[in-house]
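I opened my notebook to record what I looked up in this structure, one topic at a time. Each entry says what I checked and what I found.

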Amino acid sequence: MYSQLEIRWVDLDPVKGAETRKKRPCVIVQADIVNQGSKTVIVAPLLPGHKNWPFVVNVVPTKSNGSDKERHINLKQLRAVDVSRISNKQGRLENHYWEEISTALKIVLGLN
């Protein structure tokens with residue numbers, strides 16, 4: 001089973017157009033109760049660098065999250081992936097990021 005806020009390597013290929021591509025670390029944003037027995041998981045890619053966009057959460061590298069450099073979670077690139085695309089665990093995103101993730105999701109999905 002996968003856990004919310006885990007960072008896992010996910011094979012995002014094949015893609016179309018402007019979708020985030022290749023195998024890369026992704027944050028599992030789907031709730032744990034939904035992850036139980038699910039054949040798909042909602043993830044958001046961790047991309048290199050710092051961005052100042054309202055739908056992005058910037059992440060600093062720590063031992064816990066296993067990042068090698070500063071990255072950002074692009075919540076505009078949410079994707080439901082089959083569990084067969086998910087591989088090794090890189091780490092776990094610290095809980096304090098969840099509030100920023102929630103805010104970014106509300107912006108992306110137009111929720112008040």
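**Entry 1: helix 2.** I began by noting that I am reading a predicted model. Next I asked which residues of helix 2 are buried. I found Ile101, Ala104 and Leu105, and because they cover an arc of only 105° around the axis, they sit on the same side of helix 2. This reminded me of a general rule, that an α-helix has 3.6 residues a turn, so residues three or four places apart point the same way. I also looked up what the buried residues of helix 2 pack against, and wrote down strand 4 (56-59) and strand 5 (71-74). Just after helix 2 comes Gly110, for which I noted a positive phi of about 70°.

**Entry 2: strand 1 and its partners.** I looked up strand 1, residues 6-11, and found that four bridges join it to strand 7, residues 86-92, with the two running antiparallel. Strand 1 also pairs with strand 2, residues 23-28, in the antiparallel sense, over five bridges. I followed Ile7 to both sides: its bridge partner in strand 7 is Gly91, while in strand 2 it stands opposite Val27.

**Entry 3: Leu5.** In the segment before strand 1 I stopped at Leu5, whose phi is near 80°, a positive value in a residue other than glycine. Is Leu5 buried or exposed? At 4% relative accessibility, Leu5 counts as buried, because the cut-off for that word is under 20%.

**Entry 4: the nonpolar cores.** I looked up the largest nonpolar core, which has 15 residues, and listed those with the most contacts inside it as Val27, Val57, Ile73, Leu75, Leu93 and Ile101. The elements that give two or more residues to this core are strand 3 (40-48), strand 4 and helix 2, and the largest share, three residues, comes from helix 2. I then checked Ile73 and, leaving aside its neighbours within four places in sequence, found it in contact with residues including Val27, Ala44, Phe55, Val57, Leu93 and Ile101. Finally, I recorded a second, separate core of nine residues, among them Tyr2, Leu12, Ile28 and Val41.

How values were computed: Residues are numbered from 1 along each chain as its sequence is written. This is a predicted model: local features need pLDDT of at least 70, side-chain atom pairs count only at pLDDT 80 or more; totals for chains, interfaces and linings use all residues. Side-chain values use heavy atoms; hydrogens and water are left out. Buried means under 20% relative accessible area, exposed over 50%, partly exposed in between (1.4 Å probe, protein chains only). The arc is that of the directions from the helix axis to the C-beta atoms. Contact means heavy atoms within 4.5 Å. Two strands pair if DSSP finds at least two bridges between them. A nonpolar core is a set of buried Ala, Val, Leu, Ile, Met, Phe, Trp, Tyr and Cys residues joined through side-chain atoms within 4.5 Å.
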